[in-house]
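User: I want to learn how structural terms are assigned. Please take me through some examples and show the rule behind each one.

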Amino acid sequence: MNENRIIGAVEIGGSKVVVMVGEIIDEGRSLNIIGIGQSTAMGVRKGEIIDFRAASDCTHAAIIAAEKNAGATIEGVFLAQTGRHLQGFSNKSSVMVSSPDSLVRQSDIKSVIENAKRKELPSRRVYIHHVQCGFHLDGRPVKDPHQMQGDELDVAYWHIEGDERKVGDHIHVINGFGLKVEDMIISSIASGCMVASEEEKQNGVLVLDIGCSTTDYLLYDNGHIVRTGVVSVGGDHLTNDLSLGLRVNKQQAEKLKLEFGKAIIDSEDKDEKVWLFGDLTIGDRAIPRLAIYQILKARIDELFGIVKKELVEFLNPEELAAGVVITGGVSRLPKLADAAAHRLGVPTRIGVNPSWVRDDLRKPEYSTVLGLLYYGLTAQNTGEQHLKKSGIFSKVANMFNL
Amino acid sequence: MGKKTSNSKETRNWRGIKQTAGRQAVSIIARKRKFVAHAKLCGVILIILLMAGGIAYSVHFIRSYENQIILSVTSDPVRRINFESNGELDYRWFERNVAWPRDKTIMEIDIFAIKQMLEKKGQIASAIVSRKFPDELEIEIIEREPVLRARVKGKKGKTDEVYVAHDGTVYFHEDYGKSKKKHLPYLGGVRFKQDDDHILSLPGMDVISQLLDTARLNYPILFESWKVVSCEEFNGLNEFSDQIIKIRSSIVREIIFTPFDFNRQLDQLARVIEYSERNHIYNIKRIDLSVSDQVAVQFYPDLGPRKFRN
């Protein structure tokens, strides 16, 4: 493909819709981020669309803003998918090597992969990803078994599937703008590939993407994705808890969370108070810091407790040598890494987006869209993209966004 | 919402979900964008159509206009030719020597061909031929001015008189009067080369012309005595350093010039002639002005009454 392509990464999150526009240049070898658009999310709860019209309006507004910012028209969309409906399971398959000289042939590899992917899903469920967890030849891990000698070839896949209608709703929101979804990536995989280094992935790392309404997790071991999942707790829960616990409205609770929030309680915080507005107007009142921290800590402990429960067999320093990396908007909450390390029992750090991204886009809440663009670039290189129609009529149609 | 999906095996993958958007899936923003895109497309199509229509109309207009011009002039034959020249030629000469198509109308006549016919004549340096509507042709010519004359043998062995212009062009002319011819010295010592009907130009005539013009302007009496200019030892092609121009006059049999600094040489010649006349010396045979700033004068041996004829 010689021409530059404009792709859009779309994340329909719980609090906002983010659209990032990337230009794939140099015959698919490099990527320029050329624009970003955001809008407040509406009609979305816990990553699932509950009001199609509202979700369409805000997503389309974000796409328009991004295209305007980029000065270009998006040609294809890479869409992030999250929500509690996403589920994962592992499926292992093995075949006996068919050749008499015990050399693994392509046909053996193809056969074992097909077997591993063959599992039927219940009705109304669709596969999102089949993530390969590596080959084993006679029990020893191998990267590429082709032409290696052995008797039994195994492959394990981590399958991620979701509700067909809920996935379809996300796709149709994009289709409503006149665009096609070229690929769909679950949020944790997109953000994980941005914040975890190759070395960490090799040593074993857990990536937690704590968003507004959900927390997506992704576990790497030996460089492979071995577990993904979604916990329906996110930043919104912290805001709600503060709102209920301190009897303030949601905006005030959000402000308190962002300005004074902290994930752990220090001894010196016990007597300090903060003002709700700070301008002595009617309704302004002093709120003990301790109360804010206690409320936040309770919810954060619950969140990490759920994660710990779901990943109990992996949460030890042997399995997770590289520890935990936290990203997503909530990762900006002070001392969150300390709270996670204390609760999960493994070293934890806050994820940072790669240095090739310009400073204002390195915020943790952009990890997912950056990961989507990165995925778009690698898909371009591996030729996974559907070839775009070329010719003068397509060009004219593109000019007018038809 | 509630989009249909097929029940084939591919539906197990999200790619099996049909990517279409129902009317309710299209937001107002998307609809507006689509409308703008369609409007732009319609606009472009309209502009293209207008341009195409404009071009078609222009072509049609130009064609019909051309037809009108032709129709309006085909009925007008040439009724008059206005012939102007800066020299000897006149309308009668034109009628005798140029075969222009008399049966054609003013628009049918190829004025470029007439111009070419005129400029083929050696005497004519340039010609302008134009139409003056509705029925006149205007011809304006600039003639070459002769500086020398010569005699050449024609095809039938007959001797013809030809004229040499400043630029070396050699041409025939029958209308020069005696008074004009009288002031033109003969050219000698030159081999004329013929190409088809005309004689090829002579090289170096610009230098000869310079000498003759200077003499005619500054020493007219001296010039009147010049009868023959000989180019035996002047070819006008290479370096002039060893070349000389010989003049035969009625006073001196041979005057030799170098092709440089004619003013100096003519001044020296005039002084020698004046001196000889003042002292009644009439037996000068040769004056050589080509010897740097000296003048070599050769006399006939007899000092008695003139026995020689220059």
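Analyst: What follows is a set of questions and answers on terms and their cut-offs. This is a predicted model, where local features need pLDDT of at least 70, side-chain atom pairs count only at pLDDT 80 or more, and totals for chains, interfaces and linings use all residues. Residues are numbered from 1 along each chain as its sequence is written, chains are lettered from A and ligands numbered from 1 in the order in which they are written, and side-chain values use heavy atoms, with hydrogens and water left out.

User: Why is Val248(A) called buried?

Analyst: Buried means under 20% relative accessible area, exposed means over 50%, and partly exposed is in between (1.4 Å probe, protein chains only). Val248(A) has a relative accessible area of 7%, so the residue counts as buried.

User: Where does Val248(A) lie, and which residues is Val248(A) in contact with?

Analyst: Val248(A) sits in the loop between helix 6 (235-246) and helix 7 (250-260) of chain A. Helices (H or I, at least four residues) and strands (E, at least two) are DSSP runs, numbered from the N terminus. Contact means heavy atoms within 4.5 Å. Leaving aside neighbours within four places in sequence, the contacts of Val248(A) include Leu242(A), Leu256(A), Leu276(A) and Ile287(A).

User: What makes Glu48(A) and Lys166(A) a salt bridge?

Analyst: The rule asks for a side-chain nitrogen of Lys or Arg within 4 Å of a carboxyl oxygen of Asp or Glu. For Glu48(A) and Lys166(A), the N to O distance is 3.4 Å. That meets the rule, so the pair is a salt bridge. This pair links distant parts of the chain: Glu48(A) is in strand 5 (residues 48-49) of chain A and Lys166(A) is in helix 3 (residues 164-175) of chain A, 118 residues apart.

User: Are Glu48(A) and Lys166(A) buried or partly exposed?

Analyst: Glu48(A) has 15% relative accessibility, so Glu48(A) counts as buried. Lys166(A) has a relative accessible area of 31%, so Lys166(A) is partly exposed.

User: Why is Arg118(A) called exposed?

Analyst: Its relative accessibility is 52%, so Arg118(A) counts as exposed. Arg118(A) also forms a salt bridge with Glu114(A), with the closest N and O atoms 3.9 Å apart. Glu114(A) is partly exposed, at a relative accessible area of 39%.

User: How do you know that Lys115(B) and Glu119(B) form a salt bridge?

Analyst: Their closest N and O atoms are 3.0 Å apart, so the pair passes the test. Both residues lie in helix 3 (residues 111-120) of chain B, four residues apart, about one turn of the helix. Lys115(B) is partly exposed, with a relative accessible area of 26%. Glu119(B) is partly exposed too, at 32%.

User: How many residues of chain B are in contact with chain A, and what area is buried between them?

Analyst: On chain B, 27 residues are in contact with 38 residues of chain A. Buried area is the accessible area (1.4 Å probe) that two parts lose on being put together, summed over both. Between chain B and chain A, this area is about 2,900 Å², and carbon and sulfur atoms give 57% of it. Arg12(B), Trp14(B) and Arg33(B) supply 29% of the area that chain B buries against chain A, more than any other three residues.

User: Which salt bridge does Arg33(B) form?

Analyst: Arg33(B) pairs with Glu67(A), and their closest N and O atoms are 3.2 Å apart. The count between chain B and chain A is two salt bridges.
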